[in-house]
Amino acid sequence: MQPLSTRMRPSSLDDFFGQRHFLKKGSLLYNSIVNKTFESAIFFGPSGTGKTTLARIIVKEMGGSFYEINASTCGTKELKEVLEQARVKAFGLQKETVYLYVDEFHRWNKLQQDSLLQALEEGVVKFIGSTTENPYFSINNAVLSRVRAIYEFRRLDTDALKGILVHALEDRERGLGARNITWDEEALEMLADRSSGDARVALDTLGFIADNIDGTHISLDIVSEAMQRNTGFYDKREDKYNLLSALQKSVRGSDPDAAVHYLARLIEADADIVMIGRRLLVMAAEDVGLAYPQAISIVTSCVQAAQMVGYPEARIILSEAVLLMASSPKSNTAIAAIEGASIDLHHGKVDDIPPHLKDAHYKGAKDMGRGIGYKYPHAYGGYVRQQYLPDNLYRAGVRYYQPTENGQEKAFKNYLESRDSYTKKK
């Protein structure tokens, strides 16, 4: 019997969940598929986020021939055979558009990837390559230059995964709808949250539960058993947010004992490393900030290391990050500054960029008054007084950044106050 993830694979754009940052009704990619103007592309992102599924949907919508190969099992010989067949279809009597999808494209070396170049240049195939590696490092520039776009697939969020799971539970033809299974919302939330953004993991776990459950109800305990994870704060849906809030406020309040206490409660409740790590990174920028700017680099390293080693040792590394931030001087000037600037943009009229700051690296720029009068600070020893803000903000003496005297930020304040232009804006 096919896995549930295979049976529930979407076959149309309307059934496709996630990736709304580039695929939604009215988006350029959506319209290019509907209008049949889609060209070659690279799909980049983690497993289980829909790369292969979307490639198949595109070809179905476009109506061409489809060849699908996996770079981990096929080499140059197989690729050349496919390209020869595609050439016959594209330039023979059929005049048929041919799509080639290469999964795990990054596994091919430079010579293997370059085998595609001539076919791409001649229009033998429309190419879709998928990779879990950063394409700018794993795919040759020659190939990238012949591909119209790179689409980054993100891990599916909890809401998207819950939508997929509910769809599978209700679908009577391909899914589990005929079994009349009921479920607790907290159970589906835990299943979605613990699937690490991977729809395949979420669906196949759901299929395993459905095939082996006594009765027809999916509870939190059943999901916990299936995933070998305790329920922790999923007994009360708001608990994880309360614990994260208490952790951040304890760090902000420079209470290392309280901070590590709430970290321990999160870990004992089986909170995911990624969930904790995201909040720690926000805290490093929002609460420690420029009083100790190295904190964000250290916390980033701690979060990455914790993900690498996993529990139980990860708790030591996360504890180090929390204690470091709780014991550091604090400054929220980074968030205050960006929020102040955003408020002006959204609620007030902001003048144009001063002409002397505009790009002047093209013919005719000077005739338009661009770049004239700009003073290069390095030619003046690193600083020269001149206007940078738009006219109305400059005249109003706007100051978004208000440095504190906490930690290393005091040195930044002293430097800025030593400059007459900064002092005069007070």
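Biologist: How much space lies in the largest pocket?

Modeller: In this predicted model, the largest pocket holds about 720 Å³ of space. Its lining has 22 residues, and those closest to the centre are Asp 193, Asp 272, Val 274, Met 275 and Arg 278.

Biologist: Which elements give two or more residues to that lining?

Modeller: They are helix H9 (158–170), helix H10 (185–193), helix H13 (239–252) and helix H15 (273–288). H15 gives the most, with five residues.

Biologist: And how do the lining residues divide into nonpolar, polar and charged?

Modeller: The lining of the largest pocket has 10 nonpolar, four polar and eight charged residues.

Biologist: Back to H10, then. How many of its residues are buried?

Modeller: Seven of the nine residues of H10 are buried, so that the helix is described as mostly covered. The buried residues are Ala 187, Leu 188, Glu 189, Met 190, Leu 191, Ala 192 and Asp 193. Asp 193 is also among the residues closest to the centre of the largest pocket.

Biologist: What about the second largest pocket?

Modeller: The second largest pocket contains about 590 Å³ of space. It is lined by 31 residues, of which Arg 9, Gly 48, Gly 50, Thr 53 and Arg 200 are the closest to its centre.

Biologist: Which element supplies the largest share of that lining?

Modeller: Helix H11 (199–212) supplies the largest share, four residues. At least two residues each also come from helix H1 (4–7), helix H3 (51–62), strand S2 (65–70), strand S4 (126–131) and H9. By class, the lining of this second pocket comprises nine nonpolar, 13 polar and nine charged residues.

Biologist: You mentioned S4. Which strands does S4 pair with, and in what sense?

Modeller: S4 pairs with strand S1 (residues 41–44) in the parallel sense over four bridges. Four bridges also join S4 to strand S3 (residues 98–103), again in parallel. Within S4, Gly 129 is the bridge partner of Ile 42, and Val 102 stands opposite Gly 129 as well. As for burial, five of the six residues of S4 are buried.

Biologist: What stands opposite Ile 42 in S5?

Modeller: That residue is Ile 150. S1 and strand S5 run parallel and are joined by four bridges.

Biologist: Along S5, which side chains are buried?

Modeller: In S5 (residues 149–152), Ala 149 and Tyr 151 point to one face and are buried.

Biologist: Changing topic: how many residues has the largest nonpolar core, and which have the most contacts inside it?

Modeller: This core has 28 residues, and Leu 247, Val 251, Ile 276, Leu 280 and Met 325 have the most contacts inside it. H13, helix H14 (256–268), H15, helix H16 (294–309) and helix H17 (314–326) each supply at least two of its residues. In soluble globular proteins, nonpolar side chains tend to be buried together.

Biologist: Which residues does Ile 276 touch?

Modeller: Leaving aside residues up to four places away in sequence, Ile 276 touches Leu 263, Leu 266, Ile 267, Ala 271, Tyr 311 and Leu 318.

Biologist: What does the second core include?

Modeller: The second core is separate and has 27 residues, including Ala 160, Leu 176, Ala 202 and Leu 206.

Definitions and conventions:
Residues are numbered from 1 along each chain as its sequence is written. This is a predicted model: local features need pLDDT of at least 70, side-chain atom pairs count only at pLDDT 80 or more; totals for chains, interfaces and linings use all residues. Side-chain values use heavy atoms; hydrogens and water are left out. On a 1 Å grid over the protein atoms alone, a cavity is a set of points where a 1.4 Å probe fits but cannot get out, and a pocket is an open set with protein on both sides within 12 Å along at least five of seven lines; lining residues have an atom within 4 Å of a point. Grid points are joined across faces, edges and corners, and a volume is the space filled by probe spheres set on the points. Ala, Val, Leu, Ile, Met, Phe, Trp, Tyr, Cys and Pro count as nonpolar, Asp, Glu, Lys and Arg as charged, and the others, Gly among them, as polar. Buried means under 20% relative accessible area, exposed over 50%, partly exposed in between (1.4 Å probe, protein chains only). Two strands pair if DSSP finds at least two bridges between them. A nonpolar core is a set of buried Ala, Val, Leu, Ile, Met, Phe, Trp, Tyr and Cys residues joined through side-chain atoms within 4.5 Å. Contact means heavy atoms within 4.5 Å.
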